[in-house]
Amino acid sequence: MGPGLIITGAGRGIGAATALLAAQTGWRVVINYHQNRQAAESVREQIHDRGGYAVVYQADVADESQVSAMFAFASQQLAPIGGLVNNAGMLETSMRLEQMDGSRFDRIFATNVKGSLLCAREAVRYMSVRHGGQGGPIVNVSSVAARLGGPNEYVDYAASKGAIDTLTVGLASELSEDGIRVNAVRPGLIDTEIHQLSGDPDRINRISGHIPMKRPGSAEEVAHSIVWLLSDRASYCTGTFIDCSGGR
Ligand code: NAP
């Protein structure tokens, strides 16, 4: 069995698909979730049924003490910690900027940006060879919204993903001699439950026609890019991006 891998938001969607695929390639996985324990337990059961190993851990990635406790738990259960996927993320109802309430900026940036920073910081403390760790990869889940800007829907969410891209570039350089590669995947329109949060149930169908490949992607298609960046096959890749977006 390989080292421990923490995947945030791994009970559903892209995180769940990544947990299943990573476990198949030998990673022992911490399935982090926020509220939906049943979904996370279901992912753990599927991994165990296929001969892999995973544990479930509840933590709000925006909460510093909960993130620290999660890494301490992972280090106890699955040492050594050898990888992190910063996947947990959320958005809110689609609208123009002038209609937005400022409190949503706090929520979106707390989960998408502060959560990724806190988890990356803990990963460095456990994984860096500078601190006695064995090194390992970090993969951040950004979005093509970081490039496109999310106009008329959620420029706040897009701006939070822009921050993830900047974090990816800066941290990759900062950790280049720590044994830690930092890369990101930028999914396009992916068929998951996140779109329910936009308040536009038909969003996937409405946007699909504007994608060069004329369809949404699946969580599994994104997971393949993430798991490749986690692997030694990506050993000379750091500070870079895979756009998994059907040409968008
Ligand atoms: P999803 O199906 O809605 O799943 C989101 C996951 O994140 C859930 O497991 C959820 O936990 C977890 N989560 C949310 N807030 C959290 C918090 N504060 N602490 C810990 N976990 C939290 O979303 P998805 O589509 O798979 O999205 C995954 C990532 O891909 C996100 O970063 C998203 O921005 C990015 N992305 C998605 C798309 C897309 O089209 N789907 C496109 C570009 C980028 P619970 O299950 O407990 O609620």
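Predicted model: local features only at pLDDT ≥ 70, side-chain atom pairs only at ≥ 80, totals over all residues.
1. Local features need pLDDT of at least 70 and side-chain atom pairs count only at pLDDT 80 or more, while totals for chains, interfaces and linings use all residues. Residues are numbered from 1 along each chain as its sequence is written, and side-chain values use heavy atoms, without hydrogens and water.

2. Helix 1 (residues 13-24) packs on helix 2 (residues 37-49) at about 20 degrees, the axes being 10 Å apart. Axes are lines fitted to C-alpha atoms over the stretch in contact, with angles from 0 to 180 degrees between N-to-C directions; helices are DSSP runs (H or I, at least four residues) numbered from the N terminus. Helix 1 is therefore roughly parallel to helix 2 (angles under 35 degrees).

3. In this pair, Ala16, Ala19, Leu20 and Ala23 of helix 1 meet Val43, Gln46 and Ile47 of helix 2 (contact: heavy atoms within 4.5 Å). Six of the contact residues are nonpolar, one is polar and none is charged (Ala, Val, Leu, Ile, Met, Phe, Trp, Tyr, Cys and Pro count as nonpolar, Asp, Glu, Lys and Arg as charged, the others as polar).

4. The axes of helix 4 (residues 102-127) and helix 6 (residues 155-174) come within 9 Å and cross at roughly 15 degrees, so these two helices are also roughly parallel. Their contact residues comprise 12 nonpolar, three polar and three charged.

5. The ligand is surrounded by 30 residues (a heavy atom within 4 Å), the closest being Gln35, Asn36, Asn87, Tyr157 and Thr192. A side-chain N or O atom of Tyr157 lies 2.6 Å from a ligand oxygen. For the side chain of Arg12 the corresponding distance is 2.8 Å, and a backbone N or O atom of His34 is 2.9 Å from a ligand oxygen.

Definitions and conventions: Parallel < 35°, antiparallel > 145°, perpendicular 65-115°, else oblique. Polar contact = N/O pair within 3.5 Å; in protein donor to acceptor, adjacent residues only side chain to side chain.
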